[in-house]
Amino acid sequence: MLRTLIYGARQIVTVTRNNNEKFLCGKDMHAIGVIKSDAGGLSLMIENENIVAIGTDDAIARDFEGMEIDNKIDASGCCILPGFVDAHTHPIWAGDRVHEYAKKLAGATYMEIMREGGGIGFTVEQTKLATDEELLIGLVARLKRMLHAGTTYVECKTGYGLEWPDELRLLKLLEQARSYIPIGISITYCAAHAVPKNKTAEEMTEDIINKQIKALRQLIDNKEIDVNDIDVFCEKGVYDIEQSRRILLAGQQIGLSINFHGDELNYTGSAEMGAEIGARAISHLECISEEGIRAMANAKTFAVILPHTGYILRIEMPPVRKMIDAGVPVALGTDANPNAFSSAMSISMNLACVLCHMSLEEALAAATINSAAALGISDKYGSIEVGKKADLIICRCPSWEHIIYQFGDHTHIIRYVLKHGEVVYAKSA
């Protein structure tokens, strides 16, 4: 048995206060668990991949006296947090859209740029031209930056393929990336990300349901690819509410969880529809209705908030305070993609606090236990509890709040990142 001892910490942020809490919502998002010790340091013991004990240095030393410790990590003056879980990213693509950034700054809207041949369509073209090697190198490099910024589990969408041969290529490369970098990957099939130039939305809907999803089911049944969720961009001018419903239900029928883009640029009724069909998560929700908030609260459908996107597009932020007060479980993601070029969850947390009026505690809960629950993995990830996987961040700072407070300075604060108990990043002196 491989044992790792982390000792001397000033704080251990468990996030959950009671064992086996799968997520936090309402007032509980603000009341996160933090263990402090004024008299001495705090320790955490890991056996193989799992956390087996949490307590003071003295108590852990007594409990494990005489046992062999393989690795020791000095966390003196540090805070230990759960690894971040990024609940929404588009990390596999080629090219960039820096030229569109200038257009956005000049006032062009997201849909105007798409109609001019930019946006998702431009990235689809660039991705099609790239080799598998180029796509894999770019993907792994982005995942590595996420890992070094404290993200230990990430949702990864396809969607820059659209047509089945190209979507299949992206799915296979995402699967292949698991062997190149020690980060947890949850794959989301998102062929309904945009409408190709050669098809209408209805033609593409039929293609996805009758051809792509059937082919995907065969791959999953043969255990060639592990795909978790299905996504669709339910938006005016892309896929309407009924087309989205049909695609999502078709994915649900082959065992995929529903986790989709909704009510981002226009009100579409996505929140109401998603809650009705049992969606586990809906992202964006800048234009959600009061009825949609109530529906998601009743269904306990996760709202995945992406403040970096609203910041880049200069659009109104989702009504997060109303969501939390109504009992909607709120999660957080970076939306890392060529449009919103950011991969650090600490920055997303800061933006969530400043722009969406979340508290520091709510932002951390959204980036850990709730993001894990939005991906269906909070039984093993998202909090520091005995029995859970040892996905951890060790930060050198006076208190855990600094990882959010020191905007963009995570590269200085994070000393170690552990995945399943192994150090996968250590900051050089």
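Trainee: What is the volume of the largest pocket?

Mentor: The model is predicted, and totals for linings use all residues. For the largest pocket, the computed volume is about 400 Å³.

Trainee: Which helix gives the most to the lining of the largest pocket?

Mentor: The lining comprises 19 residues, and Gly121, Ala194, Val195, Pro196 and Lys197 are those nearest the centre. Two helices, H3 (110-115) and H4 (120-129), each supply at least two lining residues. The greatest contribution, four residues, is that of H4.

Trainee: How many residues in the lining of the largest pocket are charged?

Mentor: The lining is divided here by residue class. Eight of its residues are nonpolar and five are polar. The number of charged residues is six.

Trainee: Which helix provides the largest share of the lining of the second largest pocket?

Mentor: This pocket has a volume of about 180 Å³. Its lining includes Val98, Tyr101 and Lys104, together with His308 and Ile312. Helix H2 (98-105) and helix H11 (307-313) are the elements that give two or more residues to this lining. The largest share, three residues, comes from H2.

Trainee: How many residues in the lining of the second largest pocket are nonpolar?

Mentor: Among the lining residues are also Asp96, Arg97, Pro338, Asn339 and Phe341. By class, two residues of the lining are polar and three are charged. The nonpolar residues number five.

Definitions and conventions. Residues are numbered from 1 along each chain as its sequence is written. This is a predicted model: local features need pLDDT of at least 70, side-chain atom pairs count only at pLDDT 80 or more; totals for chains, interfaces and linings use all residues. Side-chain values use heavy atoms; hydrogens and water are left out. On a 1 Å grid over the protein atoms alone, a cavity is a set of points where a 1.4 Å probe fits but cannot get out, and a pocket is an open set with protein on both sides within 12 Å along at least five of seven lines; lining residues have an atom within 4 Å of a point. Grid points are joined across faces, edges and corners, and a volume is the space filled by probe spheres set on the points. Ala, Val, Leu, Ile, Met, Phe, Trp, Tyr, Cys and Pro count as nonpolar, Asp, Glu, Lys and Arg as charged, and the others, Gly among them, as polar.
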